[in-house]
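Dear colleague,

I am handing over a structure to you with this email, together with some notes on what was found in it. Please read the notes with the coordinates open beside you.

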Amino acid sequence: MNVFLNWSGGKDSAFCLYKAKQQELNVKKLVTSVNEEQDRISMHGVRRALLEQQAVALGLPLETISLPLQPDMKIYEERISESNQQLKKDGLSVAVFGDIFLEDLRQYRENLYSKDAVECLFPLWKMDSRELVREFIKAGFRAIIVCVNASLLDPRFCGRMIDEDLIRELPSTVDPCGENGEYHSFVFDGPVFKKPVTFRKGAIVQRDYPSGDSSVPFYFCDL
């Protein structure tokens, strides 16, 4: 079955690609939302140049969806629909996602994509988070944490490699895969890569994003 993968550049989407191949899903294209103002992966804050290097290292074509810095739901859904319509013209009507257990998010995706008659598949669904991240590490993937929600996780984890030491140090309140938005990552090597993606660690910066009547601090490790 030919499919396209919702690619964030992070751990779960890379492991999803790995599992999709095992399940004989033929991923033909990566699709990524990019902040049009900063030219970086939405939420993750990774530069487009590194995203493009990932796609080359994976041997897959990349399609990007341009979004404002803080898009409202109407704009987001319009841009997704435009992308879906183009993908269907290319013969791709099945989307693959790396979601693990958030029922409301899965239902939202299925409802949204069904409007364009696009089927949604979830190869990682209901996997145990701790087992998933340990299998990810054992398989030979290498990833770095590039974004931390400081309301959920100590900013000192920003810029850390995802390895057994890090998993052991995570507080019990934090999902090991960051499925609740505690952190986001950038994968630069692993069994689905033809070659590693090279990068240098830059500064760690804080940005505040509005949330209700207040704001939430996020920390980003620039690459």
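The notes below go from the chain as a whole to its largest pocket, and then to single elements and residues.

This is a predicted model, in which local features need pLDDT of at least 70 and side-chain atom pairs count only at pLDDT 80 or more, while totals for chains, interfaces and linings use all residues. Residues are numbered from 1 along each chain as its sequence is written, and side-chain values use heavy atoms, with hydrogens and water left out.

The protein chain has six helices and 10 strands, where helices (H or I, at least four residues) and strands (E, at least two) are DSSP runs numbered from the N terminus. Its radius of gyration, taken over C-alpha atoms, is 17 Å, close to the 17 Å that the globule rule (2.2 Å times the number of residues to the power 0.38) gives for 223 residues, so the chain is as compact as a globular protein of that length. Along the principal axes, the C-alpha atoms fill a box of roughly 45 × 40 × 35 Å. Of the 223 residues, 49% count as buried, with buried meaning under 20% relative accessible area, exposed over 50% and partly exposed in between (1.4 Å probe, protein chains only). Among contacts (heavy atoms within 4.5 Å) between residues at least 6 apart in sequence, 68% join residues at least 24 apart.

The largest pocket holds about 1,500 Å³ of space. A pocket here is an open set of points on a 1 Å grid over the protein atoms alone, where a 1.4 Å probe fits and protein lies on both sides within 12 Å along at least five of seven lines; lining residues have an atom within 4 Å of a point. Grid points are joined across faces, edges and corners, and the volume is the space filled by probe spheres set on the points. The lining comprises 46 residues, of which S42, M43, H44, R109 and H184 lie nearest the centre of the pocket. The elements that give two or more residues to this lining are α1 (11–22), β2 (26–35), β3 (40–41), α3 (73–89), α4 (103–114), β8 (183–189), β9 (204–211) and β10 (214–221), and α4 gives the most, with four residues. By class, the lining has 20 nonpolar, 19 polar and seven charged residues, where Ala, Val, Leu, Ile, Met, Phe, Trp, Tyr, Cys and Pro count as nonpolar, Asp, Glu, Lys and Arg as charged, and the others, Gly among them, as polar.

M43, one of the residues nearest the pocket centre, is placed in the loop between β3 and α2 and is partly exposed at 44% relative accessibility. Its phi is near 70°, a positive value in a residue other than glycine. E24, in the loop between α1 and β2, is likewise not a glycine and has a positive phi of about 60°, and with a relative accessible area of 66% E24 is exposed. Most residues other than glycine have a negative phi. Just after α2, G59 takes a positive phi of about 75°.

Helix α2 (residues 48–58) has as its buried residues R48, L50, L51, Q54, A55, A57 and L58, and what covers them includes α1, β2, β3, β4 (62–67) and β8. On the α1 side, L17 lies in that helix and is buried, with a relative accessible area of 1%. Leaving aside neighbours within four places in sequence, L17 is in contact with L5, W7, V27, L58, L60 and V192; L17 and L58 are 41 residues apart along the chain, and their C-alpha atoms are separated by 9.9 Å.

In strand β10, Y219 is partly exposed, with a relative accessible area of 22%. Not counting residues up to four places away in sequence, Y219 touches V146, C147, V148, A150, P155, C158, I204, V205 and Q206. The C-alpha atoms of Y219 and P155 are separated by 6.3 Å, although the two are 64 residues apart along the chain. N149, in strand β7 (residues 142–149), is buried at 10% relative accessibility and touches G181, E182, V216, P217 and F218, with residues up to four places away again not counted.

Finally, the cysteines. Taking a disulfide as a pair of cysteine sulfur atoms within 2.5 Å, the count comes to zero. C120 is buried at 10% relative accessibility, but its sulfur is 12 Å from the closest cysteine sulfur, in C16, too far for a bond. C177 is buried at 2%, and its sulfur too is 12 Å from the closest cysteine sulfur, in C16, again too far for a bond.

With best wishes
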